[in-house]
Amino acid sequence: KAAFVSMVSHEVTSHLGAIEGYLNMLLYQGVKDQRTKQVMERTVLRASTLRTLLIELMDLSALETGTFAVTRVPVELEAVVHDAVEVCAEAARAKNIGLTVDHSTAAGGCSVLADRGALLTVLRNLVENAIKYTPADGHVRVSTACQPLFATVRVVDDGIGMSDEERARVFEEFYRVRNPHTAQIPGTGLGLSLVKRLVEIHDGTIEVRSSPGNGSEFVVRLPRPTDC
Ligand code: ADP
């Protein structure tokens, strides 16, 4: 049954990806009628949210059943941060959000014991959220710090923030803050539950500090290889 569900999900995600691709191609070629253009853009957004939802559900179910493949090896943290920021750079540019990276480690780098793909998913989710929940012209800062046993990644934004009650629930599956600030922002409510599970299978921790109107700070701590 699990194999069947996984196969169907893969089929659906690949068809959705193709739909997104075709629509983006038409949009790129230019659509004169503004209403048609708007409807096509909304369709791309819906298809992309649905595809993300399926991928996150598949990952969460694999984590649940213990079939999520994780290979932990020494990975250069700065390089993965760089890739995560690169993936999100266009979204930041579109909102004129300053996206900066700061590594406090001296040259030589900082390695963590991680699965590169899973770590990229964690960091990409946090940076994507920081951009999504920060109004235009805001700032998102990603920084790393290296200690002998642990490395820390901070993703700080000066966006809409959250109340204490909201903050306490963000890692719950399907939880999304509902208020006028978030009404137009698409999402699945699964990203942060996936992030937390992935951090935990790395024997790491994740914390969040936030207050309404004053932005949010997510802090991930990951173990370093013992011989580094
Ligand atoms: P979503 O797909 O809705 O973004 P997540 O699981 O990633 O789902 O996040 C859960 C909820 O936590 C979001 O809907 C949003 O309300 C809140 N949230 C997450 N990151 C931030 C942030 N950086 N600033 C403010 N709110 C956030």
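A residue is called buried here when its relative accessible area is under 20%. In this predicted model, helix α6 (residues 191–201) has Gly191, Leu192, Ser193, Leu194, Val195, Leu198 and Val199 as its buried residues. These buried residues pack against α2 (34–65), α4, β6 and β7 (216–223). After α6 comes Asp203, with a positive phi near 60°.

**Confidence**

The mean pLDDT of the protein is 93, and 97% of the residues reach at least 70. Where pLDDT is low, predicted coordinates should not be read in detail.

**The pairing of α4 and α6**

Two packed helices are described by the angle and the distance between their axes. For α4 and α6, the axes come within 9 Å and cross at roughly 145°. The crossing of α4 past α6 is left-handed. The residues that make this contact are listed by helix below.

| Helix | Residues in the contact |
|---|---|
| α4 | Ala118, Thr121, Val122, Asn125, Leu126, Asn129 |
| α6 | Gly191, Leu192, Leu194, Val195, Leu198, Val199 |

By class, eight of the residues in the contact of α4 with α6 are nonpolar and four are polar, while no charged residue takes part. An α-helix has 3.6 residues a turn, so residues three or four places apart point the same way.

**The nonpolar core**

The largest nonpolar core holds 43 residues, of which Leu119, Val122, Leu123, Leu126, Ile206 and Phe218 touch the most other members. Helix α4 (residues 116–132) is the greatest contributor to this core, with eight residues. Val122 and Leu126, listed among those core residues, also belong to the α4 side of the contact with α6.

Which residues does Phe218 contact, leaving aside its neighbours within four places in sequence? Phe218 is in contact with Leu126, Val153, Arg154, Val155, Met162, Phe171, Leu192, Ile206, Glu207 and Val208. Of these partners, Leu126 and Ile206 are again core residues that touch the most other members, and Leu192 is one of the buried residues of α6.

**Val44 in helix α2**

Val44 is found in helix α2. Because its relative accessibility is 12%, Val44 counts as buried. Leaving aside neighbours within four places in sequence, Val44 is in contact with Glu20, Leu23, Asn24 and Leu27.

Conventions. Residues numbered from 1 in each chain as written. Predicted model: local features only at pLDDT ≥ 70, side-chain atom pairs only at ≥ 80, totals over all residues. Heavy atoms only, no water. Core = buried A, V, L, I, M, F, W, Y, C linked by side-chain atoms within 4.5 Å. Buried < 20%, exposed > 50% of the residue type's maximum accessible area, 1.4 Å probe, protein only. Helix = DSSP H or I, 4+ residues; strand = E, 2+ residues; numbered from the N terminus. Contact = heavy atoms within 4.5 Å. Axes fitted to C-alpha atoms, helices over the stretch in contact; angles between N-to-C directions. Left-handed = near helix turned anticlockwise from the far one by under 90°. Nonpolar A, V, L, I, M, F, W, Y, C, P; charged D, E, K, R; others polar. pLDDT = per-residue confidence, 0-100.
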